[in-house]
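Reader: I should like to learn how to read strands, helices and backbone angles in a model. Please take one feature at a time.

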Amino acid sequence: MPPPRAARAALLASAVLAAAPGLQRLAPWPRALVAAPLRAPQAALGCPGGAGAARPRERGAPARRALSVEMEVRQQLLDAEAPGEASVAVCGDVGAEPSPSGRGAFLLDTDRGKCFVKCGTGGSSAPRETLEYEAEGLRRLRAATEAMRVPEPWMVGELGPGRAFIAQELLDLRGKPDADALGRGLAQLHAAPPPEDWRSFGFPMDGCCGACPQLNNEAGRDMDWVEFWREYRLGDQLRMLRERNPADTEVQELGAELMEMLPELFEPIGGGAKVQPSLLHGDLWSGNIAALKDGMPVIIDPACYYGHYEADHGINYMFGGGSAFNNRGYQREFEQAPGYPRRAVLYELHHHMNHYNIFGSGYRGSTIGKMRALLR
């Protein structure tokens, strides 16, 4: 979510952000060390479990002595069952010497290779469900494309109520992404048919984008794309802005106008009913794009849902100039459709609104500007 070459998740503590919302763009992470950015300071490390959750202590068993965060995660990796494999641990052996990876993240040596551990999301601790959502997004991305690497999630664990971590494979991200190769991988992702278990717009789990909650139609209601975008993206961002910035009546007035004219933006492609769901990364700013040493593209830190493929372009225009999609590799499969320039503004607007909700008034001007551009 931060700008090019900055670690989106390396946010300052919430008190600092509240005092100076413009400071969220921080120095880049060492790409050779991390497979995905951490979003919580060491003091806030904590975390709950989904697939690969640690087995509960048996009745009568002695309580385990309090461990450091790193050693507790190590123990859970040894205790937890691998997803779908009863009585098989996530890891058979985990080294006892964790390596710091900057800003509270850390690495562990295991019999499966190095493991990258991050806690929380969007600069604060997070509940189990939030990290389970990220893990499910990683799994679905891995299943949808072979032209890009996506870190494999190993487990989601818990260190305390509302304090979750995700452990995943560490990838060596010292390569330089090639635009056309990245474009080919993203085209393959967007062209992949939805799985049998999900045919609607949205995602089977609600989640987040950065530190902002993201409703995803987890009940799988039948609706067309314009209805989904009006209710779960544009409408929900307006609702949160109304709660957090009740004095900003201008953004609400412009937003109401935009909600009314939303169908107009999709008339050039036959209306919202013509849009088919593609799996989207959901947060594809330039800092969530990397490459292995051999040049193979890597995408990390998703906020997945199924939607119009053009929606993935939005934040890449905001932080990346649209380069992930404005290349031959992508446009060979997805040429710009009629009316695309205006819809690109709409999809970028969503992320300006999301940033306004997370970081405050520093993003008000760009939000208002995008709204006015669409209403001209």
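Predicted model: local features only at pLDDT ≥ 70, side-chain atom pairs only at ≥ 80, totals over all residues.

Reader: Which strand is joined to β4, and by how many bridges?

Author: Strands (E, at least two residues) and helices (H or I, at least four) are DSSP runs, numbered from the N terminus; two strands pair if DSSP finds at least two bridges between them. Here β4 and β5 (residues 163–169) run antiparallel, joined by six bridges. M155 lies opposite A167 of β5. Two residues separate the strands of this hairpin, where G162 has a positive phi near 70°.

Reader: Is β4 mostly covered or mostly open?

Author: Buried means under 20% relative accessible area, exposed over 50%, and partly exposed in between (1.4 Å probe, protein chains only). In β4 (residues 153–160), six of the eight residues are buried.

Reader: What span should helix α3 have?

Author: The expected span is 1.5 Å times one less than the number of residues. For the 17 residues of α3 (residues 128–144) this gives 24 Å, and the end C-alpha atoms are 24 Å apart, in agreement. Of these 17 residues, 12 are buried, including E132, E134, E136 and R140.

Reader: Where is N217 found?

Author: N217 is in the loop between β7 (212–214) and α5 (225–244). Its phi is positive, near 55°, although N217 is not a glycine. N217 is buried, at 2% relative accessible area. D301, in the loop between β10 (297–299) and β11 (305–307), also has a positive phi near 55° and is buried at 1%.

Key
Residues numbered from 1 in each chain as written. Heavy atoms only, no water.
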